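Hi,

Here is the structure I promised to pass on. Have a look at it first, and then read on for what I found.

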Amino acid sequence: MTEVEVGYDSLTSCFYFEETRLKSRTKMVGCRELFCRLGVMPLLFSLCSTVTFIITYSVAVADGHVYPFLPAISDTGGIKPESNIFGFCLSACSFLGFVSVVIRYYQYRFVSENNEEHRPRLVCVNKIALVIGIVSTGGALLVAAFQDRGVSLNMHIVGALAVFGFGVLYCFVQTYLSFKMFACGMNSKRICLIRLTIAFFSLLFFIGNQVFGNLAGQARDRDPPTQKSHDRPHWYPEDSGFKYNVLGNASEWLMALSFFVYFLTFIPEFNKVKMSFSVKSDDYSMLLPFQQSGESKDGGHDDDDEMITA
């Protein structure tokens, strides 16, 4: 078990977090502590997303709805029954991602509002990161609700661009905040460099997905598939532009994987945070009946006691 001491450093003008380990409880640190803290949220997000993609891919391949070699993520959830699994599970993953984004916002807000030197900039950038994260997780809902075919295709593309485009941007904004919070002792320089590396590769994968996807589409438009291959779902090796399609899909899978790994880096910092919610009422008149009822009961007991004494 770990105790966290929060203090204020007058030299750096910010709050710091100092961990002290209890000697008598060191054996309790592990999975039990992890699942009792907020670090479980990014962990669940990454695990649930990975399991969702594995299940839908397996079902789609087993039913012959996609070619087994690196189909697009959306193609693995485009036909029933895998589309039902894909839509439901991706919606749940979107919620977990949204909760992680909100926790991250409040965690940085607590530290940034007490950083006298960089407070205005950090508060502003933290709000921008919140908006970007909400747009990205909201895009996942569009991807889950609208399939990549028919009249739903345009909305599906908008959702996918929101997920990946704003997802890459969110990684870079969070990396910037991580370097700013390094002076406060909130994270290490090593984790800042790791996040910068992941963000950089996610950008490369995003560019690769867009470039190779467009090349694959152009090649297929120049040489449309035959009627026989057109009846088959999605892409097959005999289709023009298949190699470009595979490269674009590989970039998409790697980009999604980079997002999951990036969120996993939040776990140590989330475990230092405790959040609570309180319910308050501005109208205390609603409590009067309960108070009067309690007073009447107390009065009744007093009368009974007096009668017994007499």
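In this predicted model, α5 and α6 pack with their axes 9 Å apart, at an angle of about 160°. An angle over 145 degrees counts as roughly antiparallel, so that is how α5 runs relative to α6. Their crossing is left-handed. On the α5 side, the residues in contact include Leu161, Phe164, Val168, Phe172 and Phe179; from α6 come, among others, Leu196, Phe200, Ser202, Leu203 and Phe206. By type, the residues of this contact divide into 13 nonpolar, 5 polar and 1 charged.

Next, the core. The largest nonpolar core has 48 residues. Phe53, Phe164, Tyr170, Met181, Met255 and Phe259 are the ones with the most contacts inside it. Two or more residues each come from α2 (40-62), α3 (82-112), α4 (119-145), α5 (153-181), α6 (189-222) and α8 (242-264). The most come from α3, which gives 10 residues.

Apart from neighbours within four places in sequence, Met255 is in contact with Phe164, Val168, Ser202, Phe205, Phe206 and Asn209. Of these, Phe164 and Val168 are also on the α5 side of the helix contact described above, and Ser202 and Phe206 are on the α6 side.

Asn249 has a relative accessible area of 6%, so it is buried. Leaving aside neighbours within four places in sequence, Asn249 is in contact with Leu70, Pro71 and Ala72.

Enjoy exploring it!

Best wishes

Notes
Residues are numbered from 1 along each chain as its sequence is written. This is a predicted model: local features need pLDDT of at least 70, side-chain atom pairs count only at pLDDT 80 or more; totals for chains, interfaces and linings use all residues. Side-chain values use heavy atoms; hydrogens and water are left out. A nonpolar core is a set of buried Ala, Val, Leu, Ile, Met, Phe, Trp, Tyr and Cys residues joined through side-chain atoms within 4.5 Å. Buried means under 20% relative accessible area, exposed over 50%, partly exposed in between (1.4 Å probe, protein chains only). Helices (H or I, at least four residues) and strands (E, at least two) are DSSP runs, numbered from the N terminus. Contact means heavy atoms within 4.5 Å. Axes are lines fitted to C-alpha atoms, for helices over the stretch in contact, and angles run from 0 to 180 degrees between N-to-C directions. Angles under 35 degrees count as roughly parallel, over 145 as roughly antiparallel, 65 to 115 as roughly perpendicular and the rest as oblique. A crossing is left-handed if the near helix is turned anticlockwise from the far one by less than a right angle, and right-handed if clockwise. Ala, Val, Leu, Ile, Met, Phe, Trp, Tyr, Cys and Pro count as nonpolar, Asp, Glu, Lys and Arg as charged, and the others, Gly among them, as polar.
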